[in-house]
Each structure stands twice: as structure tokens, then as C-alpha cells.
Amino acid sequence: MTDTTLDRRFDARAWMTDKFFLGMPLGAYLRSLLTPGNALVALILVPGIPAVIYRFVYGIGAVSNLTQANPWGIWIGLDVMSGVALAAGGFTLASAVYIFGLKEYHPVVRPAVLTGFLGYLFVVIGLTADLGRPWKLPVPMVYSYGTGSVMFEVGWCVALYLMVLALEFSPAAFEWLGLKKAREWAIRLTLGLTILGLCLSTLHQSSLGALFLMMPHRVHPLWYSGFVPVFFFVSAIAAGLTMVIVESALSHRAFVSRVDPHSHEKLDTLTLGLARAAAIVLFAYFFLKLQGLVDGGRFDLLNTPYGYWFLFEVLGFILAPSLLFGVAVRRSNATLARWVAGWTVLGIVVNRLNLSVIAFNWNAPERYVPSFLEILISATIITIGVMTFRWIVNRMPVLRDDPAYPQAH
Amino acid sequence: MGHDLITIYWLKGLEYVLAVSYLPLFVLFWKFVTPTRLAEAPVTVAAPSWADDLAGYFQLPARLFFHPGHAWARVDGPDMVTVGMNDFAQHLVGRIDRLQLPRVGAEVVQGMPALAVESAHRAVDMLSPVSGTVVDVNTAAVGDPATVKQSPYGEGWLFRVKSPQLAANLKSLMNGVFARRWMDAVTDQLAGEFSREELGHVYADGGTPVDGLARSLAHDEWDAMARRYFLTDGGSNA
């Protein structure tokens, strides 16, 4: 409660209307939800939520095609592996602004941190759908550490980083709630949280890749390399940068009323700056992938269907976007940069799916194909994530400053 | 693949070649993704910044050069410039009904009228910030002049000029801190006009400038006021 409202009687109904119903009476707010976009959301969630409940009641075998031979499916490949990589914008942008002093990128930090926070939150939810028995989640956190497991490191890192992201985003929530003192304290923590976030992200982004070092016999030799942890970390930086480009472009279209009217010009400049950084990171990533290929020495496999797919990934999703980002920057073409960023995001998802699903167990007699319910549950989790992002952006100062806190972010 | 000595040496050699060739290629790629910086232009007085700066309410992107007649110029190459009207100009004129731009191939001269903006059946000339040959015209902006208002420094650009005397031309333009000081002076003058009109709570008092400033202040004489600011009235500078 702000100082100015202390002398007034707290009107809970007005507060709810203001904070939750966008200043509209409940009836008008509910009517405002009747849009074609929300109809599409309902189409996914109406069967999707019962499917999630069904999975927790009857177990993973009842809804998925996962087996002992193929224990990883799209929940791991898409929701966890891709989700963690695409949520890397939070640490990438926060480090650029608060540690490396690139202050001009300040306007995109808060949306990037929110994307990161929700990305990780829904990674945990996706992982819970895969693991089951959510009441067991505190076990590795409290009394059975299992320090010999890479998963222990990943689990702890993700849990800690989720807390760091929540704290990094908390100033926006405090501004929304009018809690000035709490906001001041949260702002003071920014630099420390950013450094912690950078350390934790470096650890778990690479550790996810390190998981594959334990099973070289399961991963196709073209994708398997001793450099996989490095590939994961470097590609996560590219994923974070390109995801911020895509997210900011979509946000400026979808949340026109929430965006500073003068920010469109600025966004083009920021987009080209991010595109330049992504071009350089992808260029380095391309050479690392070549080094991994040479290190493996399996050139003979390039002339096979898996080899063609590998070459398509390396040339089409890494080298081509790197060069196209360069062209976009040279021509000051922010639109091209946005399309290339979308293509790169797709490429990162393809890479994670290649490692964990497509080129995983590549020579096993039994092949994994996701079931309809797996796809539906995955779509449900992603849809709820997007809805949560929309709910927060429509209420909290994410895409523009709160008038009460000018230059807050 | 067997691990005999020749195979190992061949693969290791390839790794070293790859690593060593990466370094010069990276330098070349770095240059490729780093557009010609304005700081390297012979007449630039302030280091450019990716960040746009605001001079008061009106946007003044730091990487652009401004003519006192409220046209801007962006250096796109050694002799290539993109031209547009600045944020102040589009706020001053308000709704733009029609844009009259030079045709491709036409010669424009720095400080001479090169385009006209038409609103409410009155046209106001604007000066070209550079000299040279027009090589491209933004037909999208001509078809929909609202583009200029929505994005005066982006999609609302007006025409491109091949300017052989670019370095000399840029010496007459302002950027960076000089452009901000100039815009401060322009807005001070505008604030004075507001005060004379006794409009109540306006920009000078902390209010927000309205769109179509000239019409708000000078009513039927708005075009004369716009010409004064655009330096096309033949009188004193504004």
C-alpha cells in the first residue's frame, strides 16, 4: 500500500478491479476475453488440462510412447532442453547491461528476464510432467543430494536460477503492487543477482550438454562430441539473443497499448545490435561444430540420411543465419534480422531435438514417435506459459516504464 | 576409423588448420558485421551511439545528422545518404495529406528546397540536407504519408541521394551534442510562442506538445510558421 492511500479506507473491490481486471467491471472484463485468440487457447486447454491430470493419475505409461529403451521424448527434448536454451535471454541481456555496461539495451532487459523466468518455470513444470511424483521434488534439495549425478547439478542450478530470475523480475511486481520499499531493496540486489545468474547459467546450460557425455553409445556419432557442453553453452547465448529479438518483435505487435510509443525506432536499433551479436556468436558456434566433426573423425557418415540432416542443421541453421544476420546489419534491415532470428530459434529447437530424440538411440531397433497425448500435454504447457506472459505484460510495467517510477528499467 | 599414426596426425592437423584459419576468418567476419561507423567519417564530431537520445520530447537519434531546416541525413555508405524529416517537423505540420518528393535522377542542393509537405491544401517546402543525385524515392511514404508520422527515422524516410561531396556536406550538419543543443534552442523558441498564445498548461509548463503544433499556435497562418521553422520563408532563422 502506498503512503498516499494510508489515510483512506482500503477498497478491496476497487483494488481487484484495478490490478486484475484491467480497470473494468468483472462482466466487461470477462466479455473482453471473448476473442479469436482466446478461442484457440481454449481449444488447446479444454482437452489439454484433463490430459495433464490423467497423466498424473494414471502414470506416464498411460499417455506416452516412452519405454525403457526410449526414456526421453518431446517433454525432455522440447519442453526442457529447448526451453532452457530459449530462456537464456535473461542472463545474456542482464549480463550485457549490468555487467558489461551496454546500457542502451536496458529497455529489453525486463521482457528478457520475464521470458527467462517463465521459460524456466515451465521447464520445471514440463520436467515434472516427465518425472511424475512432484511431491518427491524436494528430496534432492533437502536430504538426499546424490552429488555424483549430473542431474543433481542441473536440478540445483535450475532451482537456484529460477529463484534468481524471480528476484530479478520482482521490481516489476513490486511496482505493480505499489510496494516502494520492497522495490528499492530488490533494485539494490540487481548486480549481485546478475552475477549469480551468469554463474548458474554457465553451469547448467553446459551441464545439460554434459548429460550426453555419459551415453556416447546412444547419440549418433555426428552429434556426439566431447565438446557437447561447450556447444550447449555457446548455442544458448545465440538462442537467448535471437529469442529476445523474436519476443520483442511479437510483443510490439501484440501489446501495442503497453509499449512506449517512441520505442519503435529504438527497437530497430536494438534489434540490429542483437543481430550483430548473434551473427558473431553463431559464427564461432559454426567453427566449434566443425571442430567437433573433425574431432569425431566420422566423415564417412556425412554421406548418409543422418549425415544430410546433420549438414542441413550446421549449414542451414548455424552458418546461414550467421551470414544473413551480417547482411541485415550491413543493410540496417531490422525486418530481415527478425525473420532470421525466428529461423535461428527454430534451429536451436531442432538441435536439441536432434540430440535428445531424433539422433538419440539412432541405431536401436525400436524408434520413438510421440503419442498424441504427449504432443497435447506439451502444447498445453507451452500455451499456459504464453498466457502467463500475456497476463503479466498486460498488468505489470514490463514493456514500458511505470509512470510512478520513470527510468525504472 | 582406425587410430593409426597417419590418421591421428591427419585429423589433428586438420583441427589445427581449422583453429588457425578461424582467427583471420573471424577478423574478416567481424569487419563484415560492423557497418562503416560514423566515427570514421572525416567530419564526425561526436562518437555515435547505438542509443537514441531525446532532446526534450522530440526524438534525435544520435547516429543521424540534422539540417537546421529540420531534415535529417543518415550516412549509408561512402557517398550514399538517406534523407527524411525529423520528429519536430512532423509534429509541427501535424497531419500530412501529400508528400512532393524529387524524382529519381533529380539533382538536389544542400540548403535549397527539395521536397514539400502538403496539409489542408497548403504546401510547405523543406530544404535538402545534402547535395547530389536522387537515386531512390520512398514510394511507400508517398502512397501513405502517415508512415512519416509513425516512423520519421525508419520506414518514413523520404529519398536517397548519391552525394559525391558528402564529407563537405556533413560539415554543415549537426549531430550528437550539437544537435541536442540546437533542438533545445528550437524548443525554447517554441515555448516562447506557446507563452505568447496564453494557451494555459502547455509544453513550457510541463505539458505535452500536441500534434500539429503550427496549426494550434498560428491557426490559418500555420504554413507561414512552418516555413519559418523550415527556413523556407526567406526570413530569419528559427
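A: In this predicted model, chain B has an average pLDDT of 76, and 73% of its residues score at least 70. For the model as a whole, the scores are ipTM 0.78 and pTM 0.66.

Residues count from 1 along each chain as its sequence is written, and chains are lettered from A, with ligands numbered from 1, in the order in which they are written.

Now to the strands of chain B. Strands of a sheet pair through backbone hydrogen bonds, either parallel or antiparallel. Helices (H or I, at least four residues) and strands (E, at least two) are DSSP runs numbered from the N terminus, and two strands count as paired if DSSP finds at least two bridges between them.

Let's begin with the three-strand sheet of chain B. This open sheet has the order β6-β8-β9, and its pairing is antiparallel. Its edges are β6 (98-100) and β9 of chain B, each pairing on one side only. From one strand to the next, the twist averages 20°; such angles run from 0 to 180 degrees between N-to-C directions, with axes fitted as lines to C-alpha atoms, for helices over the stretch in contact.

Follow β8(B) in both directions. Towards β6(B), three bridges make an antiparallel pairing, and here Leu99(B) stands opposite Val117(B) in β8(B). Towards β9(B), six bridges join β8 (residues 113-119) to β9 (residues 122-127), again antiparallel. In this pairing Leu115(B) faces Met126(B) of β9(B). β8(B) and β9(B) also form a hairpin, with two residues between them, and Ala120(B) in the turn has a positive phi of about 50°.

Chain B has another open sheet, with six strands in the order β3-β4-β5-β11-β10-β7 and antiparallel pairing. Here the edge strands are β3 (65-66) and β7 (107-108) of chain B, each pairing on one side only. Inside that order, β10 (residues 132-137) and β11 (residues 159-162) of chain B pair in the antiparallel sense over four bridges. One opposite pair is Val134(B) with Val161(B) in β11(B).

Finally, the visit to chain A. Its pLDDT averages 88, with 95% of the residues scoring at least 70. Within chain A, confidence is lowest in helix α1 (residues 12-19), at a mean of 77, and highest in helix α13 (residues 305-330), at 95. Residues 1-7 of chain A have a pLDDT below 50, and this stretch has five contacts in the model beyond near neighbours in sequence.

One helix pair shows how packing is described in chain A. The axes of α8 (residues 150-177) and α9 (residues 180-188) of chain A come within 9 Å and cross at roughly 165°. α8(A) and α9(A) are therefore roughly antiparallel to each other. (Angles over 145 degrees count as roughly antiparallel, under 35 as roughly parallel, 65 to 115 as roughly perpendicular and the rest as oblique.) The contact joins Ser170(A), Pro171(A), Phe174(A) and Glu175(A) of α8(A) with Ala182(A), Arg183(A), Ala186(A) and Ile187(A) of α9(A). By class, the contact of α8(A) with α9(A) has five nonpolar, one polar and two charged residues. (Ala, Val, Leu, Ile, Met, Phe, Trp, Tyr, Cys and Pro count as nonpolar, Asp, Glu, Lys and Arg as charged, and the others, Gly among them, as polar.)

Definitions and conventions: This is a predicted model: local features need pLDDT of at least 70, side-chain atom pairs count only at pLDDT 80 or more; totals for chains, interfaces and linings use all residues. Side-chain values use heavy atoms; hydrogens and water are left out. pLDDT is the predictor's confidence in each residue, from 0 to 100. Contact means heavy atoms within 4.5 Å.
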